[in-house]
Amino acid sequence: MKKMQTEKFRWTGQISLRKLSAVLAAIYVLGLLPVFAIARYNYASADDFGMGLAAYRAFSSTGNIFAAIGQGFYMAWYDYIHWMGYFTSTVFMSVPPNVFDERLYPVGVFILIFMLTAGTLYFFRALFVKALRIDRYASRCLALVTLLVTVQCLPEGSARVESFFWYCSGVNYVLLYSFGLFWLGLLISAVFDQSRGKRIYDLVMACILGFAVGGGNYMTSLSCAIIAVLVIIAALRCRHKELLAPCLFLLAGFALSCLAPGNNNRAQSLQGFSAVKTILIALYYTLSYCVNEYTTWAVLLFFALAAVIAWKAAEKVPFRFSYPALAVIFGYGMVSANIAPPLYAEGNIGAGRLIALFYMQYVLVAVLLEVYVIGWLRQYVTGRAGDAADECGAAEGKKLVGNPQYTAEDVQAAANAAKLSAEVKGAAAGAKLSAVMSGAAVFLMAALVFGSVLTVKADPDFYMATSAAQDLMNGHAARYKEQNDGRRKILRDTSVKDAVLDEFDYKPDLLFFSDIETDPSNWQNKALARYYGKDSVVLRRTK
C-alpha cells in the first residue's frame, strides 16, 4: 500500500493543464484582493456628477430606481442630438452608482472587473473549446494569462484609474469592450452549440448585444464593425446565413451612432487628423506604444508562458493554421483600427481611458496571434493535428467496406465513432504539458516571481495590485476617504450655499482622477455645485 501511494504522488516532470489553470486562477484572484480592498475608498468625481445629475434628481425626488434609469435613456437621446452619438455608453454613464447612494460608488469597480473577466473567459471558451476543440484547461490558462497581463500590467497612471475606478470612463470603455467579447463569443457559439434552442438563444442575444456594442465607444464599435463585415462576407459564401442578423444589428447600431447630429457639434470643438494621416499615425502608434512601450519584461514573460500553453493547445486542433503572415498583418491592422477613432476626432490618445483600451485590445490580439502562429509552426513541424484520429476513423471504416450486412451509413458511423474515440483518448493523454514544456513553464513563472520582487521593491506601482497595497499600507487611501467624507458633510449641509473644500493631502494612484479648481467657473466646480444644490464650489489650496 505504501509503495502504491509513493507511485501515485511521484513527480513525473509534467504539469497538468488543469493544475496550471488553478494556479493561474489563484494568482489572478489574489492579485485582485488589494484592488477590491482599495475600491472601498473610491469616490465619484468629474463627469459622475455632470452626467449623473438628471438621474440623481429623479431618484432623490421619487425614490424610484426606474425613474433614475429612465433619465439615463433621456440623457442618451439628449446627447445624441446635441453632443455625442454613442448612445449605449451614455445610458450607463448617466446612471452612476452614487446617484442612489454615495456608498455604492465602489460597486462600479467590482462590476467592471467582473464583466471583463467573464467576457474574456466566455470568448476564449467559445473560440478555443467550441470552435477549435482545444482542451478546456488550456483555453482557461490562455484566458487567465490574458487577464493577468490586461489587469495587472495595465500601464501606470491614469489608465488604471480611468479603466476601473472612474465609473463614467469605465462603463464607456471597459464595459463596452467586455460586451464586445461576449458578442464575439455568442457569434461563435451560434455556429458550434449542439442544441438548436441554445443556438437560437445565442443569435437573439447576439442581436441585442450587437446593437448595444454598435452604439458604444467608437474604438470598440469600429473593431467589432470590421469583424461584422468580414463575418457577413463569409456567411454569404457558406451555409451560416443566420450570422447575418447579429452582424447587421451591430452595423445598424454603429451607423446610428456615427450619424448622430450631436457629433457635428462636438467635432467643432475638436481638431483631429485627416483620414489618411489617421491611418498612418495609427499604424505607427501600434508599433511605438504597444511594442516599444507597453511590452514590459513582465508582459514578455507572460506572453512566453502563453506560447508554451499554445504549443500544447495546438496539438489536437483539426483546424489548419495556413496563413500566419496574413494573420499577423490582420491582427496588427485590428489594433491600429482600435486607436483610429480618437486620432481622427481629437488628434491624440493622451487620455488614460484611450491608452487603456488600446492596450487591452493589443494584449488580446497578441495572445490570439500567438495561438495562430504557434499552431501553424506546430503543424508545419509535426504535421496537421487530427490526422491520427482521421486515419483511425478511416481504418475502422475500411474494415466494414464490402461486408453486405453493413450499409454506407453504418460504415460512416463506425468511422466517426472511431475518430471520436481517438480524439478523446488523445485529449486524455494530452492533459499535461511535456517535460520540456513543463520545465519552460516553471522557469518562466519563477522568472516572473524573481523579476517582480526586484521590480516592485524599486517601483511599487509596477503592478496594479502592488500599487493598491502600497496606498493601503501607507494610509494614503484612508486619508483620502477621510477627506472625501469631510467634503460630503459640507456639500450636504443645506445651510452652506458657497462651499469651500480643502485640497486632498494625498491622491492615491488608483483612486484619484480629477478635482475641482480654485476657479468657481471651472466645469467641474459647476457640475459639483449643481449636483449638491450650491451657489458655488471652490477649492482651497493647503500646500
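In which hand of crossing does H7 pass H10? Select both helices to find out. H7 passes H10 in a left-handed crossing. A crossing is left-handed if the near helix is turned anticlockwise from the far one by less than a right angle, and right-handed if clockwise.

First, some ground rules. This is a predicted model: local features need pLDDT of at least 70, side-chain atom pairs count only at pLDDT 80 or more, and totals for chains, interfaces and linings use all residues. Residues are numbered from 1 along each chain as its sequence is written, and side-chain values use heavy atoms, with hydrogens and water left out.

**Stop 1: H7 and H10**

Select residues 107-131 for H7 and 167-192 for H10. Helices (H or I, at least four residues) are DSSP runs, numbered from the N terminus. The two axes come within 8 Å and cross at roughly 20 degrees. That makes H7 roughly parallel to H10. Roughly parallel means an angle under 35 degrees. Axes are lines fitted to C-alpha atoms over the stretch in contact, and angles run from 0 to 180 degrees between N-to-C directions. The contact of H7 with H10 has 21 nonpolar, 7 polar and 1 charged residues. Here Ala, Val, Leu, Ile, Met, Phe, Trp, Tyr, Cys and Pro count as nonpolar, Asp, Glu, Lys and Arg as charged, and the others, Gly among them, as polar.

Now pick Gly108, which lies in helix H7. Gly108 counts as buried, at 3% relative accessibility. Buried means under 20% relative accessible area, exposed over 50%, and partly exposed in between (1.4 Å probe, protein chains only).

**Stop 2: H11 and H13**

Select residues 196-214 and 244-258. These helices, H11 and H13, pack at an angle of about 20 degrees, and their axes are 7 Å apart. They are therefore roughly parallel to each other. H11 passes H13 in a right-handed crossing.

**Stop 3: two loop residues**

Most residues other than glycine have a negative phi. Click on Ala46, in the loop between helix H2 (17-39) and helix H3 (47-50). Ala46 has a positive phi of about 50 degrees. Is Ala46 buried or exposed? Ala46 counts as buried, at 6% relative accessibility.

Move to Arg133, in the loop between H7 and helix H8 (136-152). Its phi is also positive, about 60 degrees. Arg133 is partly exposed, with a relative accessible area of 43%.

**Stop 4: aromatic rings**

Rings of Phe, Tyr and Trp (its six-membered ring) pair if their centres lie within 6.5 Å; planes under 30 degrees apart count as stacked, over 60 as edge-to-face and the rest as tilted. By this rule the count comes to 30 aromatic pairs. Show Tyr285 and Tyr289: the ring centres are 4.9 Å apart and the planes at 70 degrees, so the pair is edge-to-face. Both sit in helix H15 (residues 275-294), 4 residues apart, or about one helical turn. Tyr285 is buried at 17%, whereas Tyr289 is partly exposed at 22%.

Jump to Phe462 and Tyr463. Their ring centres are 4.9 Å apart and their planes at 80 degrees, so this pair is edge-to-face. Both residues are buried.

Then select Tyr284, Tyr285, Tyr289, Tyr294, Phe358 and Tyr359 together: they form one aromatic cluster.

**Last stop: a charge over a ring**

Show Arg487 and Phe504. The charged end of Arg487 sits over the ring of Phe504, 3.9 Å from its centre. The rule asks for NZ of Lys or CZ of Arg within 6 Å of the ring centre and within 35 degrees of the ring normal.

Key:
Angles under 35 degrees count as roughly parallel, over 145 as roughly antiparallel, 65 to 115 as roughly perpendicular and the rest as oblique.
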